[in-house]
Amino acid sequence: MKDKCVLCGGTLKKKLVNYEIYGKSIGKFSALVCDSCGEQWFDEKTSKKIQEVEKKKGLFGLSVETKVSYSGNSLIIRVPKNLAEFMNIKKETRVTLYPENKDKICVMIK
Ligand SMILES: [Zn+2]
């Protein structure tokens, strides 16, 4: 079976790849890797396995939608508890905000 990469038409080869999320490696998983653009494709079973490991390590569901609200003249963006714990930020933690582009604000923790 020869698979082609849907992004660039390159040849896909089965490889064991190191899977990283939020800068943390969670192990090696079998993937089809494009020899041209490097894109990695996981089958459904492997994706489920990755999700299970993410859940176990508390890395699952850290990407969430949140609403902006008001406080005086400032806007407040709420950080959900699981994300705050993962980032180790608490009340009074000093952070620096800066725009990366028009769609993205970065929060740097000191
Ligand atoms: Zn490709």
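A salt bridge here is a side-chain nitrogen of Lys or Arg within 4 Å of a carboxyl oxygen of Asp or Glu. Keep that cut-off at hand for the tour.

**Before you start**

This is a predicted model, in which local features need pLDDT of at least 70 and side-chain atom pairs count only at pLDDT 80 or more, while totals for chains, interfaces and linings use all residues. Residues are numbered from 1 along each chain as its sequence is written, and side-chain values use heavy atoms, with hydrogens and water left out.

**Stop 1: the two domains**

Colour residues 12-56 as domain 1 and residues 68-109 as domain 2. These bounds come from an automatic or database domain assignment.

**Stop 2: the zinc ion**

Select the zinc ion. Which residues coordinate the zinc ion? The donors are the SG atoms of C5, C8, C34 and C37, at 2.3 to 2.4 Å. A donor is an N, O or S atom within 2.8 Å of the metal (3.2 Å for Na, K and Ca); water is not among the atoms, so sites may look incomplete.

Check the angles next. They run from 99 to 116 degrees among the four donor atoms, and the site is tetrahedral. For four donors, that label requires all angles to lie between 85 and 135 degrees. Along the sequence, the donor residues follow the spacing C-x2-C-x25-C-x2-C.

Pick out C8 and C37. This pair links distant parts of the chain, 29 residues apart. C8 sits in the segment before β1 (12-21), and C37 in the loop between β2 (24-34) and β3 (40-41). Strands (E, at least two residues) and helices (H or I, at least four) are DSSP runs, numbered from the N terminus.

The scale is: buried under 20%, exposed over 50%, partly exposed in between (1.4 Å probe, protein chains only).

**Stop 3: the sheet**

Three of them form an open sheet in the order β1-β2-β3, with antiparallel pairing. β1 and β3 are the edge strands, each pairing on one side only. Two strands count as paired if DSSP finds at least two bridges between them.

Start with β1 and β2. They pair over ten bridges, in the antiparallel sense. Select K14; its bridge partner in β2 is L32. Select E20 next; its partner in β2 is S25. Then go to the hairpin itself. It has two residues between the strands, and Y22 takes a positive phi near 50 degrees.

Move on to β2 and β3. These strands pair in the antiparallel sense over two bridges. Return to L32, which stands opposite W41 in β3. This hairpin has five residues between the strands, and G38 takes a positive phi near 85 degrees.

**Stop 4: helix α1**

Select T46, in helix α1. T46 is buried, with a relative accessible area of 8%. What does T46 contact, leaving aside its neighbours within four places in sequence? The contacts are F29 and S30, where contact means heavy atoms within 4.5 Å.

**Stop 5: the salt bridges**

How many salt bridges does a search of the whole structure find? There are three.

- Select K81 and E85. The closest N and O atoms of this salt bridge are 3.5 Å apart. Both residues lie in helix α2 (residues 81-87), four residues apart, about one turn of the helix. K81 is exposed at 64% relative accessible area, and E85 is exposed at 54%.
- Finish with K104 and E100. Their side chains meet in a salt bridge at 3.4 Å, N to O. K104 is partly exposed at 41% relative accessibility, and E100 is partly exposed at 45%.

Definitions and conventions. Tetrahedral: all angles 85-135°; square planar, octahedral: opposite > 155°, others 65-115°.
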